[in-house]
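Subject: Structure for you to look at

Hello,

Here is the structure I said I would pass on. Please open it beside this message and follow the notes below.

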Amino acid sequence: MIEINSVSKSYGSFQVLKNCSASIARGEVVVICGPSGSGKSTLIKTVNGLETIDSGEINVGGFRLAPEVTNVAALRRSVGMVFQSFELFPHLTVLSNVTIAQTKVLKRSKAAAEEKARSLLARVGLSAHIAKHPAQLSGGQQQRVAIARALALDPEVMLFDEPTSALDPEMVNEVLDVMTGLARQGMTMVCVTHEMGFARSVANRVLFMDGGEIVETAAAAAFFDAPRSERAKAFLAKILKH
Amino acid sequence: MMVDLSAIASATPYLLSGLWFTVQITVVGVTGGIVFGSLLAVARLSRNRLVSTLATAYVNLMRSIPLILVIFWVFFLVPWAIGWMTRSGRPVAVGASLTIFVTFVLFEAAYYAEIVRAGFRSISPGQYSACEALGLSKFHAYIYILFPQAIRNVLPILLTQTIVLFQDTSLVYVISATDLLGAATKIAQRDGRLVEMYLTVGVIYFVVCYAASQFVKQLQGRLAYGAR
Amino acid sequence: MNGLGWTLSLALGAWTIALIVGTLVGVARTLPRGILPRLGRVYVETFRNIPLLVQMFFWYFVLPELLPVRVGMAIKQMDPPWGSFVPALICLGLFTAARIAEQVRAGIQALPSGQMQAASALGFGQGNMYRLILLPQAFRIILPTLTNEFMTIFKNTSVALTIGLVELTATAREINENTFRTFEAFGVVTIVYLVIALLAWQIMHRIERAAQLPALAGGGARP
């Protein structure tokens, strides 16, 4: 489903991604973890072209992304993305947030888009809030709307960029529950997250990044029980202390 | 249409004398405007209701009407006012320069007052309390502590307003004064050289204002950096 | 009060031009690459750094001379109020557009960069992204400064008297010259300007209130 081949990227003299390669199968759930500044967010954003790459190439469901490819509109329709800071559109109601890309990008009829939006909002447990504006919702509720907004375009892949990092602790689970449900239904998912419990119980595989490199790729259970690299051991020791 | 450069060259001395008057208006307007404007700003913050209401009314009135109208007001009424004050009853001729200086101080003060007031509001309330706690008189507190901080906080806006003032001076054209634009107009009409003259003054205004606004932008960057 | 009519139509006409051109130029200045951001900057610096009155003279006196003779003559021979009104309208519209452009740019740049990313991730093209996502938010941010600009445009119409448009201030001057009732003539016109300022502020204030977004009392979630 996703093939990342020798992707590199620099900001000036600072190399954020060093020769990264990975392959993700349809229906697989992959968690990317690693210390902050390791390039996780940059890597996930290259998958839908939000970050350009300097060399290498990425294949997503038959769409080829390379440094010279600039028209990524078709790719973005098949890849949904959820951001750390939600990025709902504050001037639109919850319902409009979920319908606007359907009607303007996919050219669906208003009625069809609303029907889809209502069913998705019901699925994330927010039917009661469709007429509200984002500022009237809690962080957890906003992030669930953001997930519904991304799902509304029927993506084949969902990308999550630290979806729970901006949330108060008591709201983390409501978002993880929605993500778990999505994984159980067979969605292909790539998640940058620090939620190790989620990674262990839901992810098929873990990619561990440090210093712009993919240091280790392993089945989730194996990664947590017996990390191979020293850097992964140090990272896990630090994170599991909390 | 050919642009005649020699027409511009021969007009240069006269244009420069016009520019000199433009600079004079600007300097008087800035100095008088900031002094009177600061008094207005302090008056608006006064606990005396009458004082603050009068100052507010003055500022709002001046900001609601065009500068040209104020120029006319002063131009036509100051002679009468002086005549009335000297009890001669007849209007006394007042020079165009004086009219203009008075107008710009009265008018620009309203705009500077708002800027200075914003400066006062940007000072933390603790500073006011600190002045009181130290037993400073109100006068001393404003002069030594509050005013310098307020000005520093709004310095870029103050300078930007001064660029606007510099441009506004061109409006003295309406009472036929000889500022930069007035000088250009007089030559333009004498020699039939409208295009050359107006393009020339356009370029002069542009160069001065652009250079000044770039300076303000740099200063803004430096102030923001210093605050960090 | 014919002068009032000219003042109002000049202000509202120029405001329409200024909003349209100003929005386009402001958007151009925020584009990531290409020639448009630079052209936008040239536009703004030119119109901001030359006094309105000099620009007025440019449109009225200079432009007809620079155009081909036929066109120039046609412009000069326009019937009286229009010969002044049209240049004044263009002048004031384009002058105010530069100031609105700066505000629009500031409004767009004040938005979190994630908004642009989220819109692109959903597959929006640049046009839709600005029209549906960025501009509606940017305009809400700049409404208060826009109010100031709206009030200023009524005052700036007075500059058109220098090219012969008999608007409000010129009316006062004419009455003064014909009747020598200085105080009454300028007094009435001053009051009319005050009323206009008050009405302009009221209109914008209502728009501001109508555009306000509902929020959770006490802050709500901060991303």
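D154(A) is partly exposed, with a relative accessible area of 41%, because that value lies between the 20% that limits buried residues and the 50% above which a residue is exposed. Bear in mind throughout that this is a predicted model. D154(A) sits in the loop between α5 (139-151) and β7 (157-161) of chain A. Its phi is positive, about 50°, although D154(A) is not a glycine. Most residues other than glycine have a negative phi.

F86(A) also has a positive phi, near 65°, and it too is a residue other than glycine. You will find F86(A) in the loop between β6 (79-82) and α3 (94-104) of chain A. Is F86(A) buried or exposed? F86(A) is buried, since its relative accessible area is 1% and the cut-off for buried is under 20%.

Next, the contact between chain C and chain A. On the chain C side 23 residues take part, and they meet 28 residues of chain A. Together the two chains bury about 2,300 Å², with 66% of that area on carbon and sulfur atoms. Within chain C, the residues that lose the most area to chain A are Q117(C), A121(C) and L122(C), which together make up 25% of what that side buries.

Which helices of chain C each supply at least two residues of the side that touches chain A? They are α6 (113-121) and α7 (126-156). The largest share, seven residues, comes from α6(C). By type, the residues of the side of chain C that touches chain A divide into 15 nonpolar, seven polar and one charged.

How many salt bridges does the rule find across the interface of chain C and chain A? The number is zero. Polar contacts do occur between chain C and chain A: the count is four residue pairs, with both residues at pLDDT 80 or more.

The last item is in chain B. S64(B) belongs to helix α2 (residues 49-64) of that chain. At 14% relative accessibility S64(B) counts as buried, because the value is under 20%. Leaving aside residues up to four places away in sequence, S64(B) touches K155(C), Y193(C), L194(C) and A197(C).

Regards

Conventions
Residues are numbered from 1 along each chain as its sequence is written. Chains are lettered from A and ligands numbered from 1 in the order in which they are written. This is a predicted model: local features need pLDDT of at least 70, side-chain atom pairs count only at pLDDT 80 or more; totals for chains, interfaces and linings use all residues. Side-chain values use heavy atoms; hydrogens and water are left out. Contact means heavy atoms within 4.5 Å. Buried area is the accessible area (1.4 Å probe) that two parts lose on being put together, summed over both. A salt bridge is a side-chain nitrogen of Lys or Arg within 4 Å of a carboxyl oxygen of Asp or Glu. A polar contact is a pair of N or O atoms within 3.5 Å; within protein, one must be able to donate a hydrogen and the other to accept it, and residues adjacent in sequence count only if both atoms are side-chain atoms. Helices (H or I, at least four residues) and strands (E, at least two) are DSSP runs, numbered from the N terminus. Ala, Val, Leu, Ile, Met, Phe, Trp, Tyr, Cys and Pro count as nonpolar, Asp, Glu, Lys and Arg as charged, and the others, Gly among them, as polar. Buried means under 20% relative accessible area, exposed over 50%, partly exposed in between (1.4 Å probe, protein chains only).
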